[in-house]
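Here are my notes on the model you sent over.

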Amino acid sequence: MMANLEAKSYMTPWQLAIVVFVTCVGAQILLSPRSLIADAEHGAGISVVIGGVLFYSATCLMLVLAKKYPDETIVEYAPRIFGKIGGTLVVIWFNMLFFLQVIQIFYGMGKIITFYMFDRTPPEVVILALLAVCAYCAVQDWGTIMRIQQFMFFVAYSILILVWLTSILNLQPENLLPLWPVNIKAVVGGGLSTWNMYAGYECVLLLMPLVYRQVSLGSLIKIMGASFGCLIVLFLLVIVIIIGVLTVDGAKNLLYPALIVIRSVELPGTFIERLENYLLIAWIPVVFDTLAAMMFFMGEICMRHWRQADHRPWVLFLVPIIYVGSILLDNQQVYEMANKFTMWLGLAFSFIAVPLSLSLSWWQKRKAGTGCG
Amino acid sequence: MKKIKCIQKLSKHLPEASLEMSKKKLAQLQLITTQSTEFSEEIGQIIAQLRSVAAPSSEPFIFTSELQENEQLLRVVFRDCSDIEFRIFDAAGKKALLVYLKGMADTSNLERNVLKPLMSYTAQETENTASLLHLLTDMKLVAENVLGAASVTILASAKAAIDAVMTGNALLMIDGLAEVASIAVIKYVKREISAPYNEYALQGSDEAFNEAIMDNIALIRRRTRDTNLKVHIMKIGERTNTAIAVLYVANLVKPGLVEEVERRIGLIKKDKLLDSASIDQYLVDHPWSPFPQTQMTERPDKMLAALYEGRVGIIVDGTPVEILVPCTYNVLMQAPDDYTMAPIIASLIRFSRNAAAFLAVYLPAIYVAVVSYHPGMLPTTMAISIAELRSRTPFPSFLEAIMMEILLELIQEAIIRLPAKLTGAASMIGAFIIGNTVVQAGLINPLLVVVIATTAISSYSMPSYNFSMALRWTRVPMLILASMLGLYGVILGVLAITIHLCSLRSFGESYLGGMFNVDLLADWKDSVVRLPAKLLTRRPKEFGAQDQIRIGDNDGQPRS
């Protein structure tokens, strides 16, 4: 049995599950809770579960679609399904999803870091520094990026969850009441708005050619279910603790409630103080993981679309565009507008473009079968 | 006068004795002499041309059956080499020549096994002389029937013969034969097998490699009776022609790995190769990286253990530190003592070693970041105490840390370079300066001294010296990042180093990536921790050994 050869030309289903997990988590565990709690209030937890199930279904559709075109990514088969122009539009749409998420994460991350760690440093400096490191990672081959993601999955996430769990000390269970939401519509709406938290699962459309030979579709769907299960647990942990510590009213009036929650934790008799710094230290690698993967995906999409052999020039080409994009989101209103736009773009991609692709692909195959007699 | 008239010219009676005729004949003789000289030169040139046509371009000349001519050619090659001995002797009436390098060849062996058998026939004219004369018509017959040496090789190539002499072999040539015999009589002054200098094991073997390649191979062979352990010897270095042995276990090594190692060694274009470290730089994929991408060892037991995990060993003649590939972070963090102590203790030591590696790189940077940018992360009493200490020193924390680093590096360098008798004094002065004087002088605050001392001790605890040097190197960029961006900079530095280490590959294996690869989590049993020996039934998957099971029912055959 051979393992770990030169460039990775395949990945195991569990590796795909880890990649999906780390790509989805990203910055949103700190950036998104406020808007979700504001929308769904006490039902935010239920919205997280609804969102998880919804986007898991979307992922399953993507897996079915990708399985129909083995050895190809959406960049190659979209033009065959939608025609040359339609296919190009779908590819641009797909790439735009990553681009918009990346610039929003950079913006949010820059704000948080300057707010909590360097109040006198301009966010541009913070963004630029992380952008350089992400670009360094994104110009590596996929095998290297996958190893980094696994490394971070074990190291950064364990520290992040450990630090976050200390906030249970301040949890007031009565703050979680009522458990059942009054406003069902808001909860369902909240479920849709959790797209920002789960976004990133679209990467399966690019990575399936590396996995499909390793496992059947059924097993892959089950393994991906485990990945989404972990995501739901993690997001529930974040939302429930925020509400339990701050109450719904307290949380929706704060920009970054998760950091206020952790800041309020005191561990007397220990060496540890200002836990929000520890959380941020663990959160930066988590954000980096998502950003580096998305930047790689963007470079890969461009490379495949223009039929080139190397994604690196594209990553380097995209670096200044990402930087300018993240700087252009210069206030919270613009950011929230971009956030909403990206959400609808993402939802439309998952629930219109992908099912449509599947239907067209079935129709085209049936037509081809009929033509053959 | 009359008497004078009686004397007549000889030419009057013998016209051919006339002066004109003599001059004419002399001129003719001179012409013939000149022509003969020219003719001789032309013949010489023709012979040289013919010889150069016969000799292949890679050969300096070809041997002929004329011993005198062969000797002359060899003397030209070895001119001004006073340590080359040309010993001419008589073997059953035929001239023979023995050429060897004084100091590299065992002369008593030559006397016993070459000179004595050949010359004894000349001394006593017996009927055996006739049979020897028959044997002397073919070098192969001489080697098979006359020479008593253990290893004799018949050579036709002049280049191979010259190489053989330079390696310490003796060359036997017999008049009438165009072939030469290379007799293995290598014997030179060398260091005895001693204890390892840098990889001492508390309960392990005390044998270490020395500078002789054959001794080093023997140290490996002596520990195993496995015929699957293969040794390929190559010669590299245009001038030094250094012998390099590639060792591997044929039914374990990952397919293609040995070929790749040999390909890279074959691509080395260099005039001299004096040590394994210079070869190492030709083998690695990222020569600019500070991290070692090959493992160096002076322990034969360690090399053998690595060979049985599917890795490849490279032994270089003239150096006691040999190379193992592929090399990953995991193998660099393993020490021979890990296997001689209780598994639970070995696991704890491995954990502390990993923690030490982290501290060796990041501790000064974390100190600078926390003190300069995030003092709020410290308990209030400690923050006040640090502020008080820092108020006594004039420099910012970054500058203090850099000064301490420079001081530490200087002391370490001085201790390494000084003669052994002076290192104790240098250590004491260093300790005194760092521990006491700089603090009393108000240049550095005592907490930083503690931090830097902890860092230094952490880097000393690394099993690989090269890896510890790499950790020392990475401290400085980390300090710069910490001074510019505080803990954010430190985290970015951690990420950059992680990316670099995951992107590094040693013969296809990821340097760090294998550690947390979900496919290779089974390897944790002998990497992050060390399980009891009876649970280590499988080889590390990381190196892709053909037979994953160490002991089993497949008799060492590759598993399909």
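1. Starting with the interface: chain A places 34 residues in contact with 33 residues of chain B, two residues being in contact if their C-beta atoms, placed from the backbone, lie within 7 Å. On the chain A side, α1 (13-25), α6 (123-138), α7 (142-165) and α13 (275-305) each give two or more residues. That side of chain A divides into 23 nonpolar, 7 polar and 4 charged residues. Here Ala, Val, Leu, Ile, Met, Phe, Trp, Tyr, Cys and Pro count as nonpolar, Asp, Glu, Lys and Arg as charged, and the others, Gly among them, as polar.

2. A word on provenance: this is a predicted model, in which local features need pLDDT of at least 70 and side-chain atom pairs count only at pLDDT 80 or more, while totals for chains, interfaces and linings use all residues. Residues are numbered from 1 along each chain as its sequence is written, and chains are lettered from A and ligands numbered from 1 in the order in which they are written.

3. Do look at α1(A). This helix has 13 residues and reaches 18 Å from its first C-alpha to its last, close to the expected 18 Å (1.5 Å times one less than its number of residues). After α1(A) comes A:G26, with a positive phi near 45°.

4. How enclosed is α1(A), and why? It is largely enclosed by the rest of the structure because 12 of its 13 residues are buried, meaning that 20 or more other C-beta atoms lie within 10 Å of a residue's own, with C-beta atoms placed from the backbone. Among the buried ones are A:P13, A:Q15, A:F21 and A:V25. The cover over them includes α2 (28-31), α7, α9 (195-198), α10 (204-211), α11 (217-252) and α13 of chain A.

5. Chain A as a whole has 15 helices and 0 strands; helices (H or I, at least four residues) and strands (E, at least two) are DSSP runs, numbered from the N terminus. Buried residues make up 51% of its 373 residues. Of the contacts in chain A with a separation of 6 or more, 84% join residues 24 or more positions apart.

6. For chain B, the domain assignment, automatic or from a database, gives domain 1 (67-183), domain 2 (213-327) and domain 3 (341-510). The centres of domain 2 and domain 3 of chain B, taken over C-alpha atoms, are 34 Å apart. Their contact takes 15 residues from domain 2 and 14 residues from domain 3.
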